[in-house]
Structures are given as structure tokens and as C-alpha cells.
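Open the model in your viewer and keep the sequence beside it. This report takes you from the whole chain to single residues.

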Amino acid sequence: PILQKVQTDEPRVFSIPEHRNPVPDSLDGEVLEDARAALEKGERLTLSYPVRNVHRAVGTRLSSEIVTRHGPEGLPDGTLDLRLTGNAGQSLGAFLARGIRLTIAGDANDYVGKGLSGGEIVLHPPQGAPRESQHNGIIGNTALYGATSGALFAAGKAGERFAVRNSGATAVIEGCGANGCEYMTGGMAVILGPVGGNFGAGMTGGMAFIFDERGRFPQMANAGSILWQRLASDHWRGELRSAVERHVEMTGSAHARRLLDKWEDVLANFWQVCPRDMLDKLEHPLVDENVPAEAAE
């Protein structure tokens, strides 16, 4: 049959079908019901659930509820402690608001912490897992895309484009694929393991620290955007150590704990990565006044 468009002055009326395909509620729907009373009063609460890869954007609706009730500043860190076990779907903790701490014993898909907005995301292998965290992936590609604040601690490796366009979050992971810290504009990334090629492409802000036991980082770095050197400032040594200590506290990482146990020895294997655009804008210089220039090379 041929369909013809008929011109008419009569208003068009659209009818809504009485029967629609049902859309299953997300995990956040269950969490909201369980946490509603505590969210209204801003009380601390710990909840535990299994999670599957069909559960996407866990924490996003919850974040909307917190911001609606308590404003853009959210709640004190860790007010709602959400503990998950299993394999999370895409966009875990997207736009996660301050006051929510998502802890996963398991792993997660792509876009972890997309638009992170003050919340905390923690991932570690399940208890009793035989694998060593620093040799195994725990989050997918494009983590922390456009994050503005908050923190991510992952006892394992990330995929490609880690911390792309991160503009304020702090993150500690144990390795990543190609294009790490791409277009990053702020925040801090600590990577306790090897990185893929083209690291720091288009990076214009923030700071990164790379544990490079095999001395391969210079071949992986994008020299057009970033500079790298050995740590030569007490301030930045303190910032790095504090981040690694927090990583151990949050994830229980045996790899990070071993690094802390022999900190003075392993510190020489870290690179500090700074965007070229930030060299004349740093509040704390990369090299202390009493440190010879050649010590940072």
C-alpha cells in the first residue's frame, strides 16, 4: 500500500497505548526504598546487595535523590555505604554524589565513575581470589570520564582511556591500557603499574604518578603534552604516599602494601607526570630549592 500525507487543519491527537512493555527497575530502585528514611534525615547507613552486569549506572538515581534533598554539596563522605558483590554493568557510579561510597568485591564494566561528583568508588577482588590484583583487570575502558570531584580506588588494572577528561577526582589504580589521562584537566591519578601507549595525550591539568619498575614509561608517554621526572619535592612525595596509603586502607591491596613496606627503595621507580601547560602555574614546585636539578632527571 502507498501512504499519502493528507493536509488538514484539524489538530492531531496522539493516543498513548494502554499496554507498554514493562521496564524492570534498576538496583537503585531497591536501594532507594531501603534507604529512604536514612536519606531524609542524612543518617549513616550500610547496605549490601549482589550486583550483575545488567545493573547499569548504579548510584546515579541515588545521587539525584541526595542532591535533591541535601543540595549539590551532598552529605558527609561515606554517609551511605553501599557494598556490592559481583560484576557491575556499565557506568557504575556515574555522577556519584558526595556522601555515597560504592564498594564492589568483584569488577565493573566501562565508564566507571563517569562524571563522578564527590562520591567514592572502591573496587577490589573478592575475598579469597587467587589472582594478584596488579596483574588483572578490574574496571573497563573510559573510567572517570569527565569526573569533577571524589575518589576512585581500584585494586587492579583499568582498560584504555583511563581518567579521560578527569577534571578533579583523585584515583589510584594498578595499571592501565593506552591513552591514559587523555585530555585530563585536573585531579590526581596514581598508577601503581605499567601503562599503555600515548599516555597523557592532550593533558592540560592535574598530576599523575606512575610506578615504572621496568623503566618503560618514557616510551609510552606523549612528549608533546607532558613532562615527567623523578620525584624531587617533599610536598609531592607526601601527596603520593598519602594516596597509596588511602588505597591500601580502602581496597586492602597486597601490591600497594608491599610498596609501602619498602617505600624508600621503590620511590626511585616512580615518575611524576606534569602537563607542560601547568609548569608555570603550580602552587607547589616540582623540585625543592635544595635539590640539585640532575636529581629529578
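## The model as a whole

This is a predicted model, where local features need pLDDT of at least 70, side-chain atom pairs count only at pLDDT 80 or more, and totals for chains, interfaces and linings use all residues. Residues are numbered from 1 along each chain as its sequence is written, and side-chain values use heavy atoms, with hydrogens and water left out.

The predictor's confidence in each residue is called pLDDT and runs from 0 to 100. Its mean for the protein is 92. In all, 90% of the residues reach 70 or more. Residues 1-6 have a pLDDT below 50. Beyond near neighbours in sequence, this stretch has 0 contacts in the model. A contact means heavy atoms within 4.5 Å.

The protein has 6 helices and 10 strands. Both are DSSP runs numbered from the N terminus: helices are H or I with at least four residues, strands are E with at least two. Of the 297 residues, 51% count as buried. Buried means under 20% relative accessible area, exposed means over 50%, and partly exposed lies in between (1.4 Å probe, protein chains only). Now take the contacts with a separation of 6 or more: residues 24 or more positions apart account for 47% of them.

## Strands side by side

Two strands pair if DSSP finds at least two bridges between them.

| Strand pair | Sense | Bridges |
|---|---|---|
| β2 (residues 80-88) and β3 | parallel | 9 bridges |
| β3 and β4 (residues 117-124) | parallel | 5 bridges |
| β4 and β5 | parallel | 5 bridges |

Single residues show the pairing. Thr85 has Ala105 in β3 as its bridge partner. Leu102 stands opposite Ile121 in β4. Thr103 has Val122 in β4 as its partner. Val122 is in turn the bridge partner of Phe153 in β5.

Why is strand β3 largely enclosed by the rest of the structure? The reason is that 8 of its 9 residues (residues 100-108) are buried. Strand β4 is also largely enclosed, because 7 of its 8 residues are buried.

Ala151 belongs to strand β5. Ala151 touches Leu116, Gly119, Glu120, Ile121 and Thr170, not counting residues up to four places away in sequence. The C-alpha atoms of Ala151 and Val172 are separated by 8.4 Å, and these residues are 21 residues apart along the chain.

## A threonine in a helix

Thr251 is in helix α4 (residues 234-251). Is this residue buried or exposed? Thr251 counts as buried, because its relative accessibility is 10%.

The side chain of Thr251 makes two polar contacts. A polar contact is a pair of N or O atoms within 3.5 Å; within protein, one must be able to donate a hydrogen and the other to accept it, and residues adjacent in sequence count only if both atoms are side-chain atoms. The side chain reaches the backbone oxygen of His247 at 2.7 Å. It also reaches the backbone nitrogen of Ser253 at 3.1 Å.

Leave out residues up to four places away in sequence, and Thr251 touches Val122, Leu123, His124, Phe153, Ala154 and Ala155. Val122 and Phe153 are the bridge partners from the strand section.

## A loop with positive phi

Now look at the loop between β5 (149-154) and β6 (167-173), where Ala163 is found. Ala163 is not a glycine, yet its phi is positive, about 65 degrees. At 1% relative accessibility, Ala163 counts as buried.

Arg165 is in the loop between β5 and β6 too. Arg165 has a positive phi of about 60 degrees and is not a glycine either. Its relative accessible area is 43%, so Arg165 is partly exposed.

## The largest pocket

Rolling a probe the size of a water molecule over the atoms shows where empty space is left. A 1 Å grid over the protein atoms alone is used: a cavity is a set of points where a 1.4 Å probe fits but cannot get out, while a pocket is an open set with protein on both sides within 12 Å along at least five of seven lines. Lining residues have an atom within 4 Å of a point.

How much space lies in the largest pocket? About 490 Å³. Its lining has 21 residues. Gly193, Pro194, Phe211, Glu213 and Arg214 lie nearest its centre. At least two lining residues come from each of β8 (205-211), α3 (217-220) and α5 (254-261). The largest share, 3 residues, comes from α5.

Conventions:
Points joined across faces, edges and corners; volume = space filled by probe spheres on them.
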